[in-house]
Amino acid sequence: MKVEKCRKRFGVLLATAVCVAVLLMVGTVSAASWPDKSKILTMYVASGAGGGSDMAGRMIASVLEKELGMKVVVINKGGGGSQIGVTEFLSKSGTDGYTVLCANTPVTISPYMDPARKATYHLGKDIQLAVGYGFSPCAVAVKKGGKFKSLKDLVEAAKANPGKIKGTASGPMVQNDLSMVLLNKAAGVEIARMYFDQQGEQRAALLGGHVDAEFNNDFELIGGNKSGEIETLAIFDKTPAVTLPGVKTAESMGYNVHMAAAYGLGFKTGTPQEILDVVEAAVIRASKKAEMVESFQKIGLGVKVMTGKEYRAYWTGIENVVGDVVKGMAVKK
Amino acid sequence: MSMKRINQFFGCILLTFFLFMGYTARTTLTYWTEGSVIGPGSGYFPFWICVILSGLTIYWLIQVTIRPGEKIPKDFIPPRHEGLLVLAIFMDMILFIAIVDYIGFPVAMFIFLMVMVVALGERTLRHTIYYGIFSVVVTTFFVVVFGRWLEVAFPKTGIGILKTLGL
Amino acid sequence: MQEILNGFSVALTAGNLFYCFLGCLWGTMVGILPGIGPLAGTAILIPLTFKLDPTGAIIMLAAIYYGSQYGGTITTILMGVPGEASSAITMIDGYQMAKEGRGGVALTGAALGSFIGGTFATLCLMLLAKPLVKLALKLGPPEYFALMIVGLAMATGLAGKSMVKALIMTVFGGLLALIGMDPMLGTPRLTFGSVHLLEGMELLSVVMGLFGISEMLLSLEEKARPMIKTKLRELIPTRQDVQDSVKPIVRGTLIGTVLGIIPGLIPPVSSFLSYAIERRSSKHPEKFGHGALEGVVGPETANNGHASAAMIPLLTLGIPTNPVMAVILGAFIINGLAPGPLLFEQNPAMVWGIIASCYIGNIMLVILNLPLIPVWVQILRIPHAYLMTLIMAFMMVGSYSANNSIFDVGLTIFFGFLGYIFKKMDFPLAPVALTFILAPMIEKSLYRSLVMSQGDISILYTRPISGSLLVLALITLIYFSTQKKVQVVRSTGVDA
């Protein structure tokens, strides 16, 4: 991602200031020498080019480039529901802080929580989270002008016809699928889960009337909502999202379901805590500027900064959710 | 050796492979699922596809055994020199993937190009120099066009000397 | 009509013409270089779209997309490097034509075919967009399943001398496609513990190995290497060539346009099916695999028609039919716009401007490509040792670039070896690739159908559209498998 020259110069200045500040605060040489601006920060995005996770990764890469004053190169390594990318990140990364992983709950979690996937890593053991920066709640949408006017209609229909109401998700154990599982659990119904890898296929199935509801991230629903093709019924978060104006939370309708994609940055375990702190401080600082908020808003991604500790706690919570779902699946096999 | 023998041999290799895959699918994967996910499990299709493949291969094996043997086609076995050439190029490709992670893309690509072009070309000093220039130019082209412009992340070297040379 | 003219006036402003040209140029380059598909080519430019005016940005992204379809043909035909999956089938005959010194004719035919396919699809976008999309939306999972089965039935049209061999290869493609994660449960299947196999094998590696590397290895074995000479006069298609191309272009256009509208189908489906149909309907099927112009023109037309038709569902309903379209949808969203019927009302100048730019872009590409053909053909004059080395290096770098993965390069080499052996043993390769592409879609749509019907298999044949498609599949199977017995000449081992 190329940055204009003047912005780069500004970034260099800023980063120098950061370095000085860190030097004063911590006083150790190892932390002060990071970031070495002549080096390149390599960022692993564990998904292919062009998707939601990739967008989130590229956005934060340009933020870091400005804040740290060093070149950030994004490597896309998709496949296996992030398992391939994370495995490669861990094998290629050192603990010098020059390789960073763009993590994403719950997608990064699912592979290692499912024993069948034989993942060689586990977050608690192998990855240290530095900061969480982006947040995209899941939501449910139906065809506009169809039979369902509210989430309650959908749930009632699912209750009356068990297994006959169908919802879409982009794949097993990703956030959209989990939001459906959680809704099923909370409402005591059984909405059948149908997977489409491409977002276009999901939308086509919804508009063609082959499925009843589309479970997706808010940014995937913005376009259809705006053009009036679909109607978003509820958002699975604690607060309504700015991206989908007028849509209420599922919680306010009596279904206690929370699921979202939360994007953050992680380093390989063993990376000095000081480096993590620098990254954390850089992202927090950037999030207070209009520039980052505006550019994130353009792609429909909310800025929600969590400190390393908060992000870790959030992550553990999602791990438990995923773990429960995996266990539930194992029984049914 | 006749074409019949070669066919039979090849058929047996295929059959072994299909049987092995089918066996793996049947023993390690779920055949049928019940519960919220209805229907064929992850091992259902692999198993049946292997069964069909094995059946077809056996049919083919019988066919080639019953039919009168054909002659070995003229171009089946390459001339000695050309055969060795193909082998060398295979080795060259495998060498490339074996070393590229250690010595980095530019050097590995240069070696790959040099070996192949020398194997195919003429062996005089003058030509070798040309080949060297060619390999450098092509490597540079890849690094600049694919690496820089198109942002392909080529493997980097872990060796200190090469690192300081910026390769 | 007024709107269309307005659209042209938007597309013909200096700025938009420039973006369109830039997109065509970048697209052609991205297409020529193997491995870098239009997806990577457009994704790299996403940050740029933040800064451009939205109409210009989207015109440029669209131009990259269809421009890459033109560019891919050049490396495929002249060098035998199938840089994209959809080119693999073009390579079979295109590369043979180049070897015979008819590479210029092949390129001209492909360029003109692509132009007609692309323009026709754009015309459909203008006139019939809504009814076409409505029709495409009628296709639910069971219909997808049946449609794919029709495609699979056509695989028999790719058989060579022996039907058993073709069947083995067809099913073998299915087995290869099963490797990877189960689409329903996410359990790894037949991956033997390898993380790299979880997502399945990269399609590009499979076709590049099977068709590209194996062909190179075989041609290295040929002792006598006649120098390929191309005279300028031979670049111009003869009257016979034109006659041969008309029907393939018409059929290719229809196949591409119809299949392009359906979400989830990738362009290689169109090009492979077009090849199978051309081979079956040809009066001289024995020529296929040995430089039949129809085998180049048909698939290339279908390919480009497919690519251009993909814009239809995007603009009319905001449905991205493939990942590149999703990137373009992203460019709309970034600028606060949402494609769909409302956009036609609220911002007609922009929508029609983009549509008009598709015509202009296609014209630009033909103007850009045709005069350059004599230049490109000069590639063949590079001395043998250099050219072969260059081709091999291109394939290695190309397969690496698709996923930044050395494992994929290894896979390409492995499939090159496999293709080499199969060609020696006279097993046809095109069916493997066709099923490898179709099988995942068949499996997924089967699973989705079963979810729809709660496990009742009858859903596949009781619905009217899917039922009639299955009957069509049966007819196709009979029609294709009763083709005239032809004596397939075994010379290079390429018999599709």
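Predicted model: local features only at pLDDT ≥ 70, side-chain atom pairs only at ≥ 80, totals over all residues.
On bookkeeping, residues are numbered from 1 along each chain as its sequence is written, chains are lettered from A and ligands numbered from 1 in the order in which they are written, and side-chain values use heavy atoms, with hydrogens and water left out.

So, back to those two domains of chain A. Where they touch, 17 residues of domain 1 of chain A are in contact with 15 residues of domain 2 of chain A, and contact here means heavy atoms within 4.5 Å. The two domains of chain A bury about 1300 Å² between them, with carbon and sulfur atoms giving 68% of that. Buried area, by the way, is the accessible area, with a 1.4 Å probe, that two parts lose on being put together, summed over both. On the domain 1 side of chain A, the residues that lose the most area to domain 2 are A:Ser136, A:Gly300 and A:Val325, together 33% of what that side buries. And salt bridges across that interface of domain 1 and domain 2 of chain A? The rule finds 0. The rule asks for a side-chain nitrogen of Lys or Arg within 4 Å of a carboxyl oxygen of Asp or Glu.

Over all chains, that rule gives 18 salt bridges. One of them is in chain A, where the side chains of A:Glu291 and A:Lys66 meet at 2.8 Å, N to O. A:Glu291 sits in helix H12 (residues 290-298) of chain A and A:Lys66 in helix H3 (residues 52-68) of chain A, so the pair ties together parts that are 225 residues apart in sequence.

One backbone detail in chain A: the peptide bond from A:Thr105 to A:Pro106 is cis, with omega near -5°. You'll find A:Pro106 in the loop between strand E3 (99-105) and helix H5 (110-113) of chain A.

Now, what does chain A share with chain C? The pair bury about 4100 Å² between them, 63% of it on carbon and sulfur atoms. From chain C, C:Phe50, C:Val195 and C:Arg448 supply 13% of the area that chain C buries against chain A, more than any other three residues. In residue terms, 50 from chain C are in contact with 48 from chain A. There is 1 salt bridge counted between chain C and chain A. A:Glu201 forms a salt bridge with C:Arg448, and the closest N and O atoms are 3.7 Å apart.

On to chain C with chain B. Here about 5700 Å² is buried between the two chains, 84% of it on carbon and sulfur atoms. C:Tyr386, C:Thr389 and C:Met425 supply 10% of the area that chain C buries against chain B, more than any other three residues. Contacts link 62 residues of chain C with 68 residues of chain B. How many salt bridges does the rule find across the interface of chain C and chain B? It finds 0.

Chain B itself is divided into domain 1 (3-66) and domain 2 (80-164), with C-alpha centres 40 Å apart. Look at helix H3 (residues 80-103) and helix H4 (residues 105-120) of chain B: their axes come within 8 Å and cross at roughly 170°. That makes H3(B) roughly antiparallel to H4(B), the label for angles over 145 degrees. Axes are lines fitted to C-alpha atoms, for helices over the stretch in contact, and angles run from 0 to 180 degrees between N-to-C directions.

Last stop, C:Leu190: it has a positive phi of about 50° although it is not a glycine. C:Leu190 is in the loop between strand E2 (188-189) and helix H11 (203-221) of chain C.

Technical notes
Domains from an automatic or database assignment. Helix = DSSP H or I, 4+ residues; strand = E, 2+ residues; numbered from the N terminus. Parallel < 35°, antiparallel > 145°, perpendicular 65-115°, else oblique.
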